Amino acid sequence: MTPATTESGRGQAVSELSVNRRAAILIGELVSYAPVTFAVSVTGAAVFAGATVATTLVLGWITDEVVLDAFETGEVSASTMFGAIVAVAIVTALRAVGVVFRRYYAALTAERSSRALRRRLVEQYLDLPLSWFQRTPAGQLLAHADNDVDVTSDVLHPLPFSLGVAFLAVFSAGALFLVDPFIAVVALLIFPALTLLNRVYSSRIEKPAAQVQAGVGAVSAIAHESFDGALVVKTLGRAEAESARFEVATQSLRDHRMQVGFIRAVFESAMDALPNLGIVAVVVIGALRIDAGAMTTGDLVQVAALFTVLALPMRVFGFFLEMVPPSVVARDRLATVFAEEPAAEAAASGSVPDGPLAVDAIGVGFGYTSSTEVLVDVDFHVEPGEVVAVVGSTGSGKSTLCLALAGLVTPTRGRVEIGGRDLATIAPARRVDAVSMVFQESFLFADTLRANVDVTEQGSEPLAADDEATWAALSLAQADGVARELPDGLETIIGERGVTLSGGQRQRVALARALRRQPRLLLLDDATSAVDAVIEQRILAGLRAQLSTTTLIVAQRVSTIELADRVLFLSGGRIAAAGPHQALLASEPGYEALVRAYETDQS
């Protein structure tokens, strides 16, 4: 059973549990990321709880032995006063130490858990197949990595203090029973009341909390899409329509947050009222017990003080109970990501031979949905060092074939081999070293030209800084002139997605980036469509003369097709014909018609 399968089954089982049980599982998972710091913070909470109860004992003792004695006799011995001062100083110091350890290490635990959870999520993102990203909005991915991770780990901030409430309950119960068993029973009724409140709150808050988390993802997705398509929005005059779409999503999010806020307000008010009601009850009952001779005035002061110092921990415990349902909901959303099957190649560890790579497609089939296949029984062989043009009408499967050869999508049937090795068995880093793909839509980072060409973090062997190799790649891609014309040369910031460059310049820079690693299999998916024909001819001639690689080119220009050794003609997701350009013109009517259409468009 794969880890993802295990996670999937676990996620389904967990979702059927109550909020409290799911919270226990969540807390166990988060604590496992930083068990030592969590233990230290809980120890600090226990010290604070013990010192808090000790403080009330000291106050009760001071009331009977110092304050009342002073009123009755008019004097207090120096040793008694010194003992009172020392006792107050000790319990105050212990409370301070407990607070520091509890707060610091609780925050450290939360941050380390958040970091570990976010790293696990990013690693899952890296392992998931391209098809998953194609059906998942980018805004949703950002919401998972940012908001959902933060909300999931937020429950850890009040947790040590809340566990300190448990220590307080135990220590307080002992102290109260020593003072008066009857008043202890009355006082401890607060804790069952807290449990009842928590059950009501959890049942009411889970659904709106889930809607809030989903709403955050929806708002992020719309915002990301609108920003990403800013040019289209402005060109089509869709600014008002996009604003309206965003407003609908934000209003829905606002409504759900208002609902959550109302439920929390009611819950917080009830939580604040409980300790105060307890104090009132204790004072009334305590006065009756003093009249009956069962308690002293100091005992009543001790009990009242205990309830007073319990008020803040009770509020923190209430805050913890508030955080539980949203954190559980956020973790459930992350579980849907963790439950996805990673790409099969993620666990592969094989390598590829040196030199230009042979390419084989053996019965390859692929569909983005189960009902429709884009590639159907694709079979072909490409010799090492050969230049092959892939030609076909729109929707024939050319781009999908390139994605399959690059290992970015996994065939649903058949297999792809490069260098005689099954692509599914080759380690991703080794594949990146050997195979480069350049897309028609060139993506450049908002960084320097050098950083865009010299991508040092990819592959199993990071690139060393080498200006000569960078300029050689730019020259081969006919982009060296572009670099020299920029104000700061290689150090010029080219803007988000390379906005300061033209479409043809962006394509050439993207090609240089692919060539910088000297790939042994180069896939060009209409990657020079925005480059004029003369420069394209220079690029392709340079690739053939200077680069020792196997090259597959998705081509729509006849001049490009004519430079290839062979042509693969795709039609309806199948290899309809294969062979030299002139031979296909003479023998394949469909190919001839497509080429003539290309000539007409380019004339």
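Biologist: Why is Ser-114 called buried?

Modeller: Ser-114 has a relative accessible area of 4%. Buried means under 20% relative accessible area, exposed means over 50%, and partly exposed lies in between, with a 1.4 Å probe and protein chains only. The value of 4% falls under the cut-off, so Ser-114 is buried. This is a predicted model: local features need pLDDT of at least 70, side-chain atom pairs count only at pLDDT 80 or more, and totals for chains, interfaces and linings use all residues. Residues are numbered from 1 along each chain as its sequence is written, and side-chain values use heavy atoms, with hydrogens and water left out.

Biologist: Which helix holds Ser-114?

Modeller: Ser-114 lies in helix H4, residues 78-127. Helices (H or I, at least four residues) and strands (E, at least two) are DSSP runs, numbered from the N terminus.

Biologist: What does Ser-114 touch, not counting residues up to four places away in sequence?

Modeller: Ser-114 touches Val-149, Asp-150 and Ser-153. Contact means heavy atoms within 4.5 Å.

Biologist: Why does Asp-377 count as partly exposed?

Modeller: Asp-377 has 40% relative accessibility. Asp-377 is found in strand S2, residues 375-382. Its phi is positive, about 50°, although Asp-377 is not a glycine.

Biologist: Why does Gln-518 count as exposed?

Modeller: Gln-518 has 60% relative accessibility. The value is over the exposed cut-off, so Gln-518 is exposed. Gln-518 lies in the loop between helix H18 (503-515) and strand S7 (521-525). Gln-518 also has a positive phi of about 50° and is not a glycine.

Biologist: What makes Arg-508 buried?

Modeller: Arg-508 has a relative accessible area of 13%. That is under the buried cut-off, so Arg-508 is buried. Arg-508 is placed in helix H18.

Biologist: Which residues are in contact with Arg-508, leaving aside its neighbours within four places in sequence?

Modeller: They are Ala-477, Gln-478, Ala-479, Val-482, Val-531, Ile-535 and Ile-539. Separately, the C-alpha atoms of Arg-508 and Thr-528 are separated by 7.4 Å, with the two residues 20 apart along the chain.

Biologist: How many helices and strands are in the protein?

Modeller: The protein has 22 helices and 10 strands. Of its 603 residues, 47% are buried. Among contacts between residues at least 6 apart in sequence, 77% join residues at least 24 apart.
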